[in-house]
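I'm opening the notebook on this one and writing down what I look up as I go.

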Protein chains: 2
Amino acid sequence: MEKNILLTIEYDGSEFSGWQKQPDRPTVQGYLEKVLSDLLKREIALSGTSRTDAGVHARGQKASFRTDINIPTERLALVINNILCGHEKGAFALSPVKIVSAEERPLDFHARFDSKGKKYIYRIRNSKETDIFMRNYMYHVAAPLDMDAMKTAAGYIVGTHDFKSFEASGGTPRETTVRTIFDIDIKENIYRIDNVNDGDIGRDIELHVSGDGFLYNMVRIITGTLVDIGTGRIPLYDMKKILEAKNRSKAGHTAPPYGLYLAEVYY
Amino acid sequence: MEKNILLTIEYDGSEFSGWQKQPDRPTVQGYLEKVLSDLLKREIALSGTSRTDAGVHARGQKASFRTDINIPTERLALVINNILCGHEKGAFALSPVKIVSAEERPLDFHARFDSKGKKYIYRIRNSKETDIFMRNYMYHVAAPLDMDAMKTAAGYIVGTHDFKSFEASGGTPRETTVRTIFDIDIKENIYRIDNVNDGDIGRDIELHVSGDGFLYNMVRIITGTLVDIGTGRIPLYDMKKILEAKNRSKAGHTAPPYGLYLAEVYY
């Protein structure tokens with residue numbers, strides 16, 4: 001009997017050229033489809049929720065596929081993870097991809113079209129010193145950031161707006177550039193970097209951005225603009241003007257891909 | 001005028017086949033010698049303190065070289081780091097290698113032979129769930145660890161002993177397998193893993209192991225043995241017997257390279 005299975009997937013984007021399958025490049029979709037097709041002995045096609053770019057990570061990517069296999073759905077995550085870690089060859093290595101869960105959904109459910117929204121997390125390391133071990137996982141900003149200014153500016157763009165100023169060219173063409181941002185929550189965690197002699201005080205910042213949909217590079221341009229406001233390069237009160245301009249060149253820089261995590265998909 | 005320059009170096013070992021230069025493999029020594037030779041326009045040979053294995057990291061590797069260049073020594077770290085990050089080509093990317101400092105030493109100083117000891121840090125993630133983002137930086141142990149047993153066992157091997165049971169084959173031949181461990185400090189940091197639904201409690205453990213010298217894979221075998229004691233696979237009071245046996249097969253498993261950091265070199 002045919003089943004529609006929804007996977008929740010984590011991956012380290014630094015090892016892939018993004019989610020979407022491409023010939024001759026390592027992609028998460030291409031890798032997982034191959035593993036699933038080998039396991040289930042039939043061609044498996046995954047529909048993912050979000051086409052994350054090269055270097056972008058996921059804590060909660062969603063992808064569905066249909067199959068008539070009879071591995072119990074609740075066993076599937078473990079079975080796939082064992083293959084990803086090389087258990088079946090007697091090896092054990094942590095994999096850059098992990099299945100967090102597998103659940104059954106109605107046959108007409110679609111991971112992307114039925115999504116009601118998503119949450120992204122953008123991670124910034126705000127410290128004088130770079131941390132080489134975080135270079136693929138956080139955006140390093142050396143200049144001190146004015147967190148109050150960033151929080152106020154973030155408040156201006158929560159809600160329903162035309163986000164054309166925050167859309168990069170090169171994405172899938174869209175009918176409208178109006179989107180609703182449910183919330184931008186800016187969290188910070190201050191710590192002392194012990195291995196640095198001069199007592200550098202570091203700060204890890206996370207932007208939690210949730211909304212009903214996102215334009216191409218939208219979270220990275222929002223983040224870059226908020227960082228530019230935090231360093232004073234863009235005046236705080238320009239945020240409204242940037243929105244109203246509907247012009248990409250008015251917004252700030254595009255923050256790099258490696259700080260971005262697809263955190264959650266809402267249904 | 002000839003100078004003897006001592007570098008303190010950090011690197012992410014996951015991108016290299018270890019410190020020591022090898023033909024056709026990416027090594028830290030090979031990479032840095034090329035960068036220095038290009039910069040200084042003469043052949044530079046680095047003497048490193050420790051030949052870290054593939055996957056092993058460094059927070060404080062030391063390496064010295066002689067040169068007659070006249071770049072002020074206090075500017076050297078910045079100049080090299082700019083090259084490593086691609087600044088000179090107008091690019092900017094964090095590099096897996098970073099020069100922490102450059103200092104002048106007497107001409108007869110040797111980074112390895114003059115070393116009085118070293119400190120290694122071994123990082124363990126003790127949690128039910130694996131964290132894919134830490135797979136190159138921490139050893140994941142799923143079984144609960146008895147920290148008190150590990151601390152007591154560690155106490156038995158502090159001091160001067162014949163560590164033959166903790167030496168892997170394949171290293172440089174040594175005159176004696178007697179070494180002095182100054183201290184093993186076991187630190188833990190307990191946290192809640194927020195992105196896991198069932199409220200998994202995680203624990204990051206660091207073993208700080210300092211001594212006058214280390215045999216091949218010694219810290220990784222000590223760590224593996226302490227983990228085996230922590231999980232109960234090896235009884236706590238066997239630690240003394242393991243030391244006395246002077247036989248590698250009596251000790252525990254070898255912990256993987258990616259949890260190990262060369263932290264400090266003492267002179």
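**Entry: Leu145(B)**

I started with Leu145(B), which sits in the loop between strand E6 (139-141) and helix H3 (147-157) of chain B. For the labels, helices (H or I, at least four residues) and strands (E, at least two) are DSSP runs, numbered from the N terminus. I'm working on a predicted model, where local features need pLDDT of at least 70, side-chain atom pairs count only at pLDDT 80 or more, and totals for chains, interfaces and linings use all residues. Residues are numbered from 1 along each chain as its sequence is written, chains are lettered from A and ligands numbered from 1 in the order in which they are written, and side-chain values use heavy atoms, with hydrogens and water left out.

Is Leu145(B) buried or exposed? Leu145(B) is buried, at a relative accessible area of 6%. My cut-offs are under 20% for buried, over 50% for exposed and partly exposed in between (1.4 Å probe, protein chains only).

Next I listed its contacts, meaning heavy atoms within 4.5 Å. Leaving out residues up to four places away in sequence, Leu145(B) touches Ile124(B), Asn126(B), Met150(B), Arg203(B), Ile205(B), Val227(B), Gly230(B) and Thr231(B). I also checked Leu145(B) against Arg75(B): 70 residues apart in sequence and 46 Å apart in space, C-alpha to C-alpha.

**Entry: the annotated residues in chain A**

The unreviewed entry puts "active site" on Asp53(A). I found Asp53(A) in the loop between strand E2 (47-48) and strand E3 (57-67) of chain A. Asp53(A) is partly exposed, with a relative accessible area of 23%. Beyond residues up to four places away in sequence, Asp53(A) touches Gly18(A), Tyr216(A), Asn217(A) and Arg220(A).

The "binding site" feature, also from an unreviewed UniProt entry, is at Tyr120(A). Tyr120(A) belongs to strand E5 (residues 117-126) of chain A and counts as buried at 8% relative accessibility. Its contacts, again not counting residues up to four places away in sequence, include Ser50(A), His208(A), Phe214(A) and Tyr261(A).

**Entry: how the chains relate**

Ser95(B) lies in the loop between H2 and strand E4 (97-105) of chain B and is buried, at 3% relative accessible area. Ser95(B) and Thr27(B) are 68 residues apart in sequence but 14 Å apart in space, C-alpha to C-alpha.

**Entry: helix packing in chain B**

I looked at H1 (residues 28-40) and H2 (residues 73-84) of chain B, which pack at about 110° with axes 11 Å apart. That makes H1(B) roughly perpendicular to H2(B) (65 to 115 degrees). Val35(B) and Leu39(B) are among the H1(B) residues in the contact, and Val79(B) and Ile83(B) among those of H2(B).

The axes of H3(B) and helix H5 (residues 238-245) of chain B come within 9 Å and cross at roughly 30°. H3(B) and H5(B) are therefore roughly parallel (under 35 degrees). Here Ala153(B), Tyr156(B) and Ile157(B) of H3(B) meet Met239(B), Lys240(B) and Leu243(B) of H5(B). For both pairs, axes are lines fitted to C-alpha atoms over the stretch in contact, and angles run from 0 to 180 degrees between N-to-C directions.

**Entry: positive phi**

Last, I noted Asp24(A), with a positive phi of about 65° although it is not a glycine. Asp24(A) is in the loop between strand E1 (3-11) and helix H1 (28-40) of chain A, and counts as exposed at 83% relative accessibility. In chain B, phi of Asp24(B) is near 65°.

Conventions: UniProt positions are given in the numbering used here, feature names are shortened, and annotations may be inferred rather than shown by experiment. Angles under 35 degrees count as roughly parallel, over 145 as roughly antiparallel, 65 to 115 as roughly perpendicular and the rest as oblique.
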